[in-house]
Amino acid sequence: MSTQRMFQLKLDPLTGNSEWVVIEENEDVPESSQEPLLATTSYLDMLNDSYRNRAYRLAIDKMVTKSCHVLDIGAGTGLLSMMAARAMGSSDSTTSLNTKGMVTACESYLPMVKLMKKVLHVNGMGRNIKVINKRSDELEVGVDIDSRADILVSEILDSELLGEGLIPTLQHAHDRLLVENPLTVPCRVTTYGQLVESTFLWKLHDLYNNEAKALDDIHLVPAGMDSILHVKSQQYAMHCDAITKEIKLLSEPFKIFEFDFWKRPDSHGEAELQIKSTDDGRVHAVVSWWVLQLDREGTIFYSTAPRWISTGNWCDHWKQCVWFIPGKGMSICKGEELLFHALHTETSVSYELKSQIPITDERQHNLNAKDFQLALPPERIAIYGDGEWRLSMVMAMRNA
């Protein structure tokens, strides 16, 4: 009997925050397997993303052309740190990096730090890379590192872009850890959006109108209180490629926000755009994605765009994001201009869509629904609004 160790991403349903936890299970494994296993996780999906790895390698090889101080924030298994060390011509045959050339790998998650040290040792780079088990905002020049870093390499991006603390991490790095005008890999990231019509997506959030068609005469959402059960106003990561046939595009892609890694970002930002509809329809959602520019010249890119935009490799650790338009959505005509307002905080993005034509189908609430609101996952809203599912449950209970 051997212990298997798995890294698993746990989500707190109350706060929406996620963290990596270690799960150990005793299972029968082949006698030849003596080492703990890194089971299927988004870490593994990310490491298997050859398109991502190649883009980072090409950019690091272009940027790290001489001995310097490279800081890798969120180093994980040490892949980017090893790329940077190799770009400086480092190997154990040179004993260690000299004072003019060093790589500092910062990783806060202790089990990953232990794994990284094994990876570095197996690759012969144990003495070339300084591993620090701290959050980057806990690092101090003169204590943890001898000097400010000339180059920052990082990959602290989630599907929404900001959810892993990209902005506060960059702010602290520019304030305390990096030289003035540092080189960075990546260099820039831009978020894009597109208006879509999709009955499938509509059913994931509008329980009021969906259950109106149910034949069981049960109303989880009473008339006039259509927001009592709702999805939280946030972006939801989804593989939109899987529902391409369920989506009708109602606008051209539009740029929303742009962040430069080589300069200190603002904590909050707003953008207002005039978007012209490309077809008649009803806007049910905003589908968004981001494009990473990894080098200064703008020749190396990585995109999370859906396949109707870009034919990149399949990626499971990053997805597109969906922002639901409240209620039945917004009816538009081809050529009509809509006012799109976007807002970002340090960790999230939100949108608001307004028509130049007054909306007439909004309901007035007789009760203060805010006092009774319950936020549910989109999948649960879809189940509760599925007439066939509800009818089958009623029939099953009657039979029982």
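Strand β4 (residues 102–106) is mostly covered in this predicted model. Of its 5 residues, 5 are buried. M102, T104 and C106 point one way from β4. V103 and A105 point the other way. In a regular strand, side chains alternate between the two faces of the sheet.

β4 has a pairing partner in strand β3 (residues 69–73), with 5 bridges in the parallel sense. Here C106 of β4 stands opposite I73. β4 also pairs with strand β5 (residues 129–132). That pairing is parallel too and runs over 4 bridges. In β5, I132 is the bridge partner of C106. C106 is itself buried.

Helix α2 (residues 50–63) packs against helix α3 (residues 79–87). Their axes come within 9 Å and cross at roughly 35°. The crossing is right-handed. From α2, the contact draws on R52, N53, Y56, R57, I60 and D61. From α3, L79, L80, M83, A84, R86 and A87 take part. By class, the residues of this contact comprise 7 nonpolar, 4 charged and 1 polar.

The mean pLDDT is 86, and 83% of residues reach 70 or more. Over residues 26–40, however, pLDDT is below 50. This stretch still has 23 contacts in the model beyond near neighbours in sequence. Residues 359–367 also stay under 50. For them the model has 13 contacts beyond four places in sequence. Where pLDDT is low, the predicted coordinates should not be read in detail.

Note on methods
Residues are numbered from 1 along each chain as its sequence is written. This is a predicted model: local features need pLDDT of at least 70, side-chain atom pairs count only at pLDDT 80 or more; totals for chains, interfaces and linings use all residues. Side-chain values use heavy atoms; hydrogens and water are left out. pLDDT is the predictor's confidence in each residue, from 0 to 100. Contact means heavy atoms within 4.5 Å. Axes are lines fitted to C-alpha atoms, for helices over the stretch in contact, and angles run from 0 to 180 degrees between N-to-C directions. Helices (H or I, at least four residues) and strands (E, at least two) are DSSP runs, numbered from the N terminus. A crossing is left-handed if the near helix is turned anticlockwise from the far one by less than a right angle, and right-handed if clockwise. Ala, Val, Leu, Ile, Met, Phe, Trp, Tyr, Cys and Pro count as nonpolar, Asp, Glu, Lys and Arg as charged, and the others, Gly among them, as polar. Buried means under 20% relative accessible area, exposed over 50%, partly exposed in between (1.4 Å probe, protein chains only). Two strands pair if DSSP finds at least two bridges between them.
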